[in-house]
Amino acid sequence: MPALLEVRGLSTRFTTRDGIVKAVDGVSFALEPGKTLGVVGESGSGKSVTALSMMRLVAEPQGKIVGGEVLFKGADVLKMSEREVRDMRGNRIAMIFQDPMTSLNPVFRVGRQIGESLILHKGMSRKDAFDRAVQLLDMVGIPNARDRAKDYPHQFSGGMRQRAMIAMALACDPDILIADEPTTALDVTIQAQILELIMEMQERTGTAIIIITHDLGVVADIANDVMVMYAGRQVEYGESRHVFGDSLHPYTWGLLDSLPRHDSDEKGELVPIEGQPPSLINVPYGCAFHPRCPYAEEICRSEVPPLLATDTGHLSACHFSADPAFRRGMDRDQERVALK
Amino acid sequence: MLKYTVRRIFQMIPVFIGVTLILFILRAPGVLPGDPVRMITGERAIPDALREQIVKKHALDQPLHRQYVIYIGNLLQGDLGESYQRGRPVLDIFADKFPNTLRLAFAGIIVEIIIGLTAGIISAVRQYSFLDVLVTLSTSILVSVPVFWLGMLFQIFFGIKLKEWTGGAVHLPISQMSSAEFPDWAHLILPAITLASVSTAYVARIMRSQMLEAMGQDYIRTALAKGLTRRAVTFRHGLKNALIPVVTFVGIDFGVMMGGAILTETVFSWPGVGREIFLAVGQRDWPIVMGGVIIIVFLVMIINLIVDLSYALLDPRIRYGGDAE
């Protein structure tokens, strides 16, 4: 199947008082219709900026997309006119955000906010848009949708607001739904419900999804493909089962180790990744992860590792990804650490 | 909402007592100079009998606290006393002057809204542009210029210099409410602009900062992600949120203006409430001063209440106690 969305070498920079931030540095990926891509990384790894860049929503003039292509159905979003981009936003590519508390406008009724894009993109009347908004609210599981559509956002609970955001994003039946940390700001009990809802909506509407999260657990269940980001770069990318099962990058290992496991009785200790993510103004020379990597060697400090295909077909950006001694998958650790 | 309103009205009572008490203490003998009888009769010597009569009529022989009780008693019956100088009921005097003050206040508030909002919005939408710098600079100057001096500058420039330069063809009226030479509305121009000057500058600044703040909110990003134009996002999603504090300011300011603008009315000889109080202070005409201040306090309190209640209409998040969900 042809790619619905293809991103090639996307780079976005921010000019700040302290220097230039390379928020996104040459990221490439593709998304097929109806599929789900998970984008994973710590805070500040460039996940959200990647999404905003695709929508051309990076705040100018501080932020600037400096290179790459975002091909949506073959057309480069980065070369579109302002008008063409607007026609695409909310219509063909829709987005939901992390904090449903602040992402809805407090002074407009929920139904009106959902209907707004229908009026804009589908040319509906105010009344038709409102009726459709009620249907959408009902679809995302808001009880008494007709009454609740007349409520203001503050009258909704956090979970309901995120449901309303999903309804808003799906209003125009988009080809792609970008969900930027859709569950992060919610109670744990609500998180699963929202994820389930997103998957259910995908089944029903066939929309492709890009889900951005720092929670590997979220992605593992639902994503077909996974892209792991670190310091604005891709470190590993490919089919979900390979990235998780046959990971060849120490950063991904670190992420996996810092995840609580539910599938064994063993109370394995959580192993956090030592250190902090780097400042994106002074990205470490060579592999950006080397200061925190327990396996780092001389080459890691001097050369940026290329993103290369591995045996399983997924891509990994570690100098040792091709080293058979290195890739003993999950049975690495102790001895290797002892060697150092 | 009703409960809240009633509670607010009850809260006015202590304010009222406080204001009247302070005014009464100020007129106690020895605090401020001036003998009321002399104010009424003038400098000429008067027979003791007449003096007695005047003292009795105004209850000046009673101890101060008795006088206060009498005054409040009359006040509650809608009687603000009689002017020392003019021999007319205070209420009648203000009833004459109030419409003039109201007219000026309306004109001022219109200037404030139109110029203040426009300047603030332009300034925020074109942040750091030439216009923004211009607005920021001129509002800084305006808030620091004394109103009476600004009024006088306007009079000199628009009334006198402009007339000289154009050979009498173009100029504006600089005093009074009407004249044979100009239509009535022309008389409003300079006083209204002067009266509104400081508030307009504040409105522009509040509007600018609120607008900038609103435009940085997450819901703006949501609106942009829907595909709305920048203009729609700014004026629909940004403006409505940014307006809430501005409306509050304008509302309260309207209350203040209705209470009479003492400086502006004096500079422009505008026969309003403020000028009346100013003249009365000079003449130690206490009933007028007292009555005027009480009317102003009352108006400001009422308007503040209306402004607070109108919050609920503008901002759906605010619901006043009593009908909580």
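## Contacts between and within chains

In this predicted model, 27 residues of chain A are in contact (heavy atoms within 4.5 Å) with 19 residues of chain B. Residues are numbered from 1 along each chain as its sequence is written, and chains are lettered from A and ligands numbered from 1 in the order in which they are written. Local features need pLDDT of at least 70, side-chain atom pairs count only at pLDDT 80 or more, totals for chains, interfaces and linings use all residues, and side-chain values use heavy atoms, with hydrogens and water left out.

The size of an interface is often given as the accessible area lost when the parts come together. Buried area here is the accessible area (1.4 Å probe) that two parts lose on being put together, summed over both. Two salt bridges are counted between chain A and chain B. A salt bridge needs a side-chain nitrogen of Lys or Arg within 4 Å of a carboxyl oxygen of Asp or Glu. One of the two joins B:R236 to A:E116, with the closest N and O atoms 2.7 Å apart.

The side chains of B:R8 and B:D308 meet in a salt bridge at 2.4 Å, N to O.

| Parts | Buried area | Share on carbon and sulfur atoms |
|---|---|---|
| Chain A and chain B | about 2200 Å² | 60% |
| Domain 1 of chain B and domain 2 of chain B | about 1600 Å² | 82% |

What are the elements of chain B? Chain B has 13 helices and zero strands. Helices (H or I, at least four residues) and strands (E, at least two) are DSSP runs, numbered from the N terminus. The C-alpha atoms of chain B fill a box of roughly 85 × 65 × 30 Å, taken along the principal axes.

Two of these helices make a pair. Helix α5 (residues 90-125) and helix α8 (residues 184-215) of chain B pack at an angle of about 35°, their axes 5 Å apart. Axes are lines fitted to C-alpha atoms, for helices over the stretch in contact, and angles run from 0 to 180 degrees between N-to-C directions.
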